[in-house]
Amino acid sequence: VVSTNQEFLVKADYLFNATVVDTNTISSFITVPNGYNGGNDTLETPLPSSSGSIEWSVIAPAIAAPLQNITLTFTGNRLSGSELIEITRQVPVKTVRRAELSVVGTIIEPSGALDGVLSTNQFFDIRIAIPDSGEAGTVDGFDNRVRTVLPTGYTFAEQRTDTTLFIATDGSDTLRVQAPDTPSTSSGQFEFTLDEAAPDANTGVPAEVIDQTDRVGVVTVERADLAISFNTNTQFSQNQTDIPVAVLVNNTGTALTQPDSVQIRFAVDSLLTIVGGTSQGNGSEITRFVKLVNNVGQADFTVNALAD
């Protein structure tokens with residue numbers, strides 16, 4: 001099995017016995033399948049002696065080819081006359097697509113960071129993969145060397161200092177990164193470069209690199225910052241009922257919340273009761289989800305005042 005465009009050697013050992021006319025009549029031929037060595041060629045090579053070895057250099061086709069045969073033929077004339085001696089051997093050969101590697105970087109966690117918009121001080125995971133779009137594969141035990149460049153202000157979360165990764169073909173590695181503590185004024189980029197490819201399993205030379213560098217764009221915004229305020233009367237009458245209380249939620253940051261609803265727990269002491277609430281300690285409480293629209297949300301509650 002060879003890779004596309006691979007140059008390889010075909011070697012044959014031969015021996016003609018004494019019944020063959022002098023070496024001027026001895027020849028060898030190689031016949032390659034269509035696409036190999038530029039076409040369906042028959043190459044004749046006179047042999048210098050009645051025994052020895054001979055090699056042919058063959059180039060595989062540029063596209064994959066099924067299992068076929070390379071035919072080797074040796075000829076000579078007998079001493080007793082002009083009778084031609086001919087022997088044929090076949091060498092099976094199959095061509096597969098050479099290993100073709102790329103480097104691909106992708107933010108994978110959390111889901112809110114997949115668009116490349118990160119909140120200040122946010123931790124997130126970015127995966128670096130080396131897919132192989134060919135068939136030949138690479139030599140077992142050899143990794144691909146990838147160089148990593150982080151945007152300004154971004155740091156490895158696990159006190160990592162080495163920016164070089166060694167990744168197996170069709171494998172991946174994941175980096176945990178922290179965004180800077182201040183918003184960025186422009187977008188930044190992670191850059192991943194495949195500096196050294198593992199060797200092709202057939203040729204033994206570094207695999208073909210299709211996409212050597214990949215970049216992942218990011219931007220840092222002020223993280224979501226929630227503030228709560230009340231809108232209600234501050235004085236109540238004894239036994240007053242159906243007192244409206246509005247709880248306002250405001251996101252003063254730039255980043256949105258994920259999901260877009262936040263959970264509010266509203267609690268009162270023993271002088272009030274919440275309509276629909278549950279008793280808790282010396283008072284009552286209720287929990288509700290508030291949907292934020294344009295970074296603002298409101299939850300409305302009703303309370304009753306006691307007789308005291």
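A nonpolar core, as the term is used here, is a set of buried Ala, Val, Leu, Ile, Met, Phe, Trp, Tyr and Cys residues joined through side-chain atoms within 4.5 Å. In this predicted model, the largest such core has 25 residues. The members that touch the most other members are F124, I126, I128, V146, Y154, F190 and F192. As for where the core residues come from, at least two are supplied by each of β11 (123-129), β14 (164-167), β15 (172-178), β16 (188-196) and β18 (213-221). There is also a second, separate core, this one with 19 residues, V2, I26, I54 and L72 among them. As a bit of background, nonpolar side chains tend to be buried together in soluble globular proteins.

F124 is a handy place to start looking around. Setting aside residues up to four places away in sequence, F124 touches I107, E109, P110, A113, L118, Y154, L175, R176, V177, Q178, A179 and F190. Strand pairing picks up some of these names again. β11 and β15 run antiparallel and are joined by seven bridges, with F124 standing opposite V177 in β15. β11 also pairs with β9, again antiparallel, through five bridges, and here E109 stands opposite D125 in β11.

The peptide bond from E109 to P110 is cis, with omega near -10°. P110 sits in the loop between β9 (104-109) and β10 (117-119), and P110 is also one of the residues touched by F124. For context, most peptide bonds are trans, and most residues other than glycine have a negative phi.

D170 counts as exposed because its relative accessibility is 56%, and the cut-off for exposed is over 50%. N295 is not a glycine either, yet has a positive phi of about 70°. The loop holding N295 runs between β24 (283-291) and β25 (296-305).

Finally, a loop residue can be tucked away too. T257 is found in the loop between β20 (243-251) and β21 (261-268). With a relative accessible area of 16%, T257 is buried, since buried means under 20%. Apart from neighbours within four places in sequence, T257 is in contact with A224, L226, N251, V262 and L292.

Methods: Residues are numbered from 1 along each chain as its sequence is written. This is a predicted model: local features need pLDDT of at least 70, side-chain atom pairs count only at pLDDT 80 or more; totals for chains, interfaces and linings use all residues. Side-chain values use heavy atoms; hydrogens and water are left out. Buried means under 20% relative accessible area, exposed over 50%, partly exposed in between (1.4 Å probe, protein chains only). Helices (H or I, at least four residues) and strands (E, at least two) are DSSP runs, numbered from the N terminus. Contact means heavy atoms within 4.5 Å. Two strands pair if DSSP finds at least two bridges between them.
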